[in-house]
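Take a look at the sequence and the structure below.

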Amino acid sequence: MEKYLINPYHKISKINKDIYGNFSEHLGRCVYEGLYVGENSKIPNVNGMRCDVVNALKEMGIPVLRWPGGCFADEYHWKDGIGDKSKRKKMVNTHWGGVVEDNSFGTHEFFELCRQLGCDAYINGNVGSGTVEEMNEWIEYMTFGGDSPMARLRAENGRKEPWKLKYFGVGNESWGCGGNMMPEYYSHLFRRYNTYVRDYDSNNKIYRVACGPNAEDYNWTDVLMKNAGNKVNGISLHYYTVPSGDWNKKGSSTDFDENEYFSTIAKAYKMDGIISRHCSVMDKYDPEKRVGLIVDEWGTWYDVEPGTNPGFLYQLSTMRDAVVAALTLNIFNKHSDRVHMANIAQTVNVLQSVALTDGEDMVLTPTYYVFKMFKDHQNNTLLGSYITTPERTLNNETAPQLIESASMDENGVIYSTVVNSCPEHSAQIDCEIAHNGVKSVKANIITGNIHDGNTFENKNTVVQKEFTDFEIKPNGFTAELPPCSIVKFVIE
Ligand code: AHR
């Protein structure tokens with residue numbers, strides 16, 4: 001029996017709802033087909049946004065959406081994506097399949113999508129191939145409410161009022177596809193570009209995200225924090241789970257054995273240590289934890305589905321992805337003193353998506369149900385909690401079997417999400433809520449065989465169900481978590 005302690009009197013930090021954010025890039029069928037089908041499509045849509053996906057994302061509780069990239073962001077020139085659609089300039093999407101981008105989805109369409117989703121906007125600017133003037137004018141176009149050239153242009157294009165822009169990224173992966181820069185060079189460039197990201201409206205103070213490190217590049221974090229730490233609100237971190245660790249042969253999304261399953265879980269679990277080390281570098285320069293760590297790209301990355309465009313990064317999803325999502329979200333909750341936002345890559349039809357589409361059809365992935373289950377944590381207070389757990393080591397990789405987090409909402413209700421990553425063994429847990437009586441416990445579960453997934457033919461193989469295999473005690477409960485499962489307990 002594993003001991004699980006939750007201390008409702010140990011209130012640690014606010015879990016920013018934006019930790020549950022998504023990322024959507026002009027990549028493959030994410031924006032076009034996945035989110036946007038155009039006003040004239042026979043697929044049901046409102047102003048071009050497909051209704052099935054929008055409704056599903058709303059129900060999932062999407063708090064914030066990042067756009068337009070990714071690598072695409074540093075090739076994107078926003079003026080190409082405004083005005084009469086028939087006259088918009090076309091470009092080649094060199095990063096992603098070399099397809100022609102017709103720019104029919106641009107700034108106005110993105111804010112319309114956010115309006116329909118009821119979520120905040122996170123826009124990533126172009127440092128790699130864009131100018132300071134271009135970035136400055138984009139900010140003016142989006143957020144200036146007075147009379148100015150860009151505000152007039154916006155009004156001419158049908159939008160009189162400025163939009164609310166919550167987050168703005170100054171470059172993406174500037175150490176790689178965004179310009180192949182060194183941290184010293186980028187941090188100086190950040191200072192320059194960021195100067196012209198003006199707060200035009202005192203009610204819209206833009207949260208500025210600098211391009212942070214790739215995975216374990218702690219030197220990048222150090223240099224950036226030293227040179228620009230006082231100018232940023234957040235720095236990004238990108239970390240993908242690649243089962244084999246080899247970018248040339250990552251592994252299949254559906255055809256994997258138990259060792260590959262474990263390796264995937266262990267690599268996803270590395271997120272915990274990676275965040276901790278970046279946090280300790282950040283603590284050196286920012287002990288008050290003013291600057292956020294923004295994990296704006298994360299998720300599983302497998303070989304593309306056979307027969308699909310290699311540049312479109314289309315992959316399928318199983319219970320393995322659900323476990324990765326749940327353990328990662330628990331890790332983010334636990335680091336919510338520093339992690340202010342995170343964005344899974346990517347919302348629809350690309351990498352670890354929450355939804356897949358095929359023409360008019362849509363299927364929700366196991367990852368979708370994890371986000372929906374975990375939305376109760378949004379804006380809650382993280383509580384001190386601890387679980388004992390067996391650990392497994394294979395080929396120098398280690399991961400715990402059980403990973404949890406617990407939070408409390410403003411009414412004192414406790415939410416605990418526990419992952420049992422073991423594909424073979426159930427886990428008995430004995431949970432004690434310190435110094436508290438327990439009146440009621442309700443629970444939900446997502447579980448299945450590691451290979452189970454939802455397909456267009458069988459959409460409901462992996463969904464969230466009620467869970468009753470627990471017993472309430474005066475100050476807690478005991479439960480048996482099945483192999484490969486994610487359980488949420490709601491404790492009053
Ligand atoms: O999400 C796919 C790509 O991964 C993004 O465009 C880039 O930022 C990262 O390398």
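At roughly what angle do the axes of helix α3 and helix α4 cross? The model is predicted, and the answer is read from its atoms.

## Helices α3 and α4

Helix α3 covers residues 132-143, and helix α4 covers residues 149-156. Their axes come within 8 Å. They cross at roughly 55°. The two helices are therefore oblique to each other. The crossing of α3 past α4 is right-handed.

Which residues meet here? From α3 come Glu 137, Glu 140, Tyr 141, Met 142 and Thr 143. From α4 come Pro 149, Met 150, Ala 151, Leu 153 and Arg 154. Sorted by class, the contact of α3 with α4 holds six nonpolar, one polar and three charged residues.

## Helices α1 and α2

Now turn to another pair. Helix α1 spans residues 51-60, and helix α2 spans residues 107-117. Their axes come within 9 Å and cross at roughly 55°. So α1 is oblique to α2.

On the α1 side, Val 54, Leu 57 and Lys 58 make the contact. By class, the contact of α1 with α2 has four nonpolar residues, one polar and one charged.

## Trp 175 in a loop

Where does Trp 175 lie? Trp 175 sits in the loop between β9 (167-170) and α5 (183-195). Trp 175 and Tyr 185 are 10 residues apart in sequence. In space, they are 10.0 Å apart, C-alpha to C-alpha.

Leaving aside neighbours within four places in sequence, Trp 175 is in contact with several residues, among them Cys 211, Pro 213, Trp 220 and His 238. Gly 212 is also one of these contacts. The backbone oxygen of Gly 212 lies 2.9 Å from a polar atom of the Trp 175 side chain.

## Lys 488 in a strand

Lys 488 belongs to strand β26, residues 485-491. Is Lys 488 buried or exposed? Its relative accessible area is 7%. The cut-off for buried is under 20%, so Lys 488 is buried.

What does the side chain of Lys 488 reach? It reaches the backbone oxygen of Met 373, at 3.1 Å. Not counting residues up to four places away in sequence, Lys 488 touches Met 373, Asp 376, Ser 416, Thr 417, Lys 442, Ala 443, Asn 444 and Gln 464.

Key. Residues numbered from 1 in each chain as written. Predicted model: local features only at pLDDT ≥ 70, side-chain atom pairs only at ≥ 80, totals over all residues. Heavy atoms only, no water. Helix = DSSP H or I, 4+ residues; strand = E, 2+ residues; numbered from the N terminus. Buried < 20%, exposed > 50% of the residue type's maximum accessible area, 1.4 Å probe, protein only. Polar contact = N/O pair within 3.5 Å; in protein donor to acceptor, adjacent residues only side chain to side chain. Contact = heavy atoms within 4.5 Å. Axes fitted to C-alpha atoms, helices over the stretch in contact; angles between N-to-C directions. Parallel < 35°, antiparallel > 145°, perpendicular 65-115°, else oblique. Left-handed = near helix turned anticlockwise from the far one by under 90°. Nonpolar A, V, L, I, M, F, W, Y, C, P; charged D, E, K, R; others polar.
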